[in-house]
Amino acid sequence: MVAGLKPTWMVTNVYDLTPKDLRAQGVRAVLTDLDNTLIAWNNPDGTPELRHWLNLLELAGIQVIVVSNNSRQRVDRAVAPFQLPYIHRALKPFAWGLKRALRRWHFRRDEVIMVGDQIMTDVWAANRSGIRSVLVKPILKSDAWITKGNRLLEKIVMWRLRRVYPDLTWQEDLNERKAH
């Protein structure tokens, strides 16, 4: 069971995913969670750093698509300033939302990665979909009430993952060590 929850990479911050590194991995699109991955869950306006990162990826021809469990209204409000496409009510950890994104934007599984701050939703959905995953540290240490239970379970899962996969550590970029 623990293998299905193992991220392909663990990168400290979403902004550490550079166009060069993504291209080297054959990535044409980044599917990404919204809350505590791209933006703080309690601040839907994002940051200048986020805008810069999105611009770098756009210039490199790498599409960013938000895949969120949130409502259409919440996701639309959050991504509108960045004009990002999205899938709302993705039902992660099920694969449905990620597969829908692949079909809608005509990407193959090997051309995308899923980036998120939660093992129990983002990583598990990616693994169920056959998509490589990048676990990032949450932007904020605090979470919305709905996420707190997942965080407790995640601590147990991470402890188990590190026992089974001792080389599973936080990286500065995708090339620090080979993907698992």
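Since the model is predicted, local features need pLDDT of at least 70 and side-chain atom pairs count only at pLDDT 80 or more, while totals for chains, interfaces and linings use all residues. Residues are numbered from 1 along each chain as its sequence is written, and side-chain values use heavy atoms, with hydrogens and water left out.

In soluble globular proteins, nonpolar side chains tend to be buried together. A nonpolar core here is a set of buried Ala, Val, Leu, Ile, Met, Phe, Trp, Tyr and Cys residues joined through side-chain atoms within 4.5 Å; buried means under 20% relative accessible area, exposed over 50%, and partly exposed in between, with a 1.4 Å probe and protein chains only. The largest such core holds 29 residues, and the members that touch the most others are Leu 17, Leu 22, Val 30, Trp 53, Ile 113 and Val 134. Two or more residues each come from β1 (9-11), α2 (48-59), β3, α3, β5 (112-116) and β6 (132-136). These elements are DSSP runs numbered from the N terminus: helices are H or I with at least four residues, strands are E with at least two. Helix α2 gives the largest share of this core, four residues. Apart from it lies another core, this one of 15 residues, including Ala 29, Val 67, Leu 98 and Phe 107.

Ile 113 shows what such packing looks like up close. Leaving out residues up to four places away in sequence, Ile 113 touches Trp 9, Leu 17, Leu 22, Val 27, Ala 29, Val 30, Leu 31, Ile 131, Arg 132 and Val 134, where contact means heavy atoms within 4.5 Å. One of these partners, Ile 131, sits in the loop between α5 (119-129) and β6 and is buried, at 3% relative accessibility. Its C-alpha atom is 6.7 Å from that of Val 112, although the two residues are 19 apart along the chain. Beyond four places in sequence, the contacts of Ile 131 include Leu 31, Leu 98, Leu 102 and Arg 109.

Helix α3 (residues 72-79) has a buried side of its own. Val 75, Ala 78 and Val 79 are buried there, and they lie on the same side of α3 because they cover an arc of only 85° around the axis, the arc being that of the directions from the helix axis to the C-beta atoms. Among the things covering these buried residues are β3 (63-67) and β4 (86-87).

A polar atom of the Glu 154 side chain lies 2.6 Å from the backbone nitrogen of Ile 119. Beyond four places in sequence, Glu 154 touches Asp 117, Gln 118, Ile 119 and Met 120.

Most residues other than glycine have a negative phi, and most peptide bonds are trans. Asn 36, not a glycine, has a positive phi of about 65°; this residue lies in the loop between β2 (29-32) and α2 and is buried at 1% relative accessibility. Arg 89 also has a positive phi, near 45°, but is partly exposed at 46%. Arg 89 belongs to the loop between β4 and α4, and Pro 93 is found in the loop between β4 and α4 (96-105). The peptide bond from Lys 92 to Pro 93 is cis, with omega near 25°.

How values were computed:
Polar contact = N/O pair within 3.5 Å; in protein donor to acceptor, adjacent residues only side chain to side chain.
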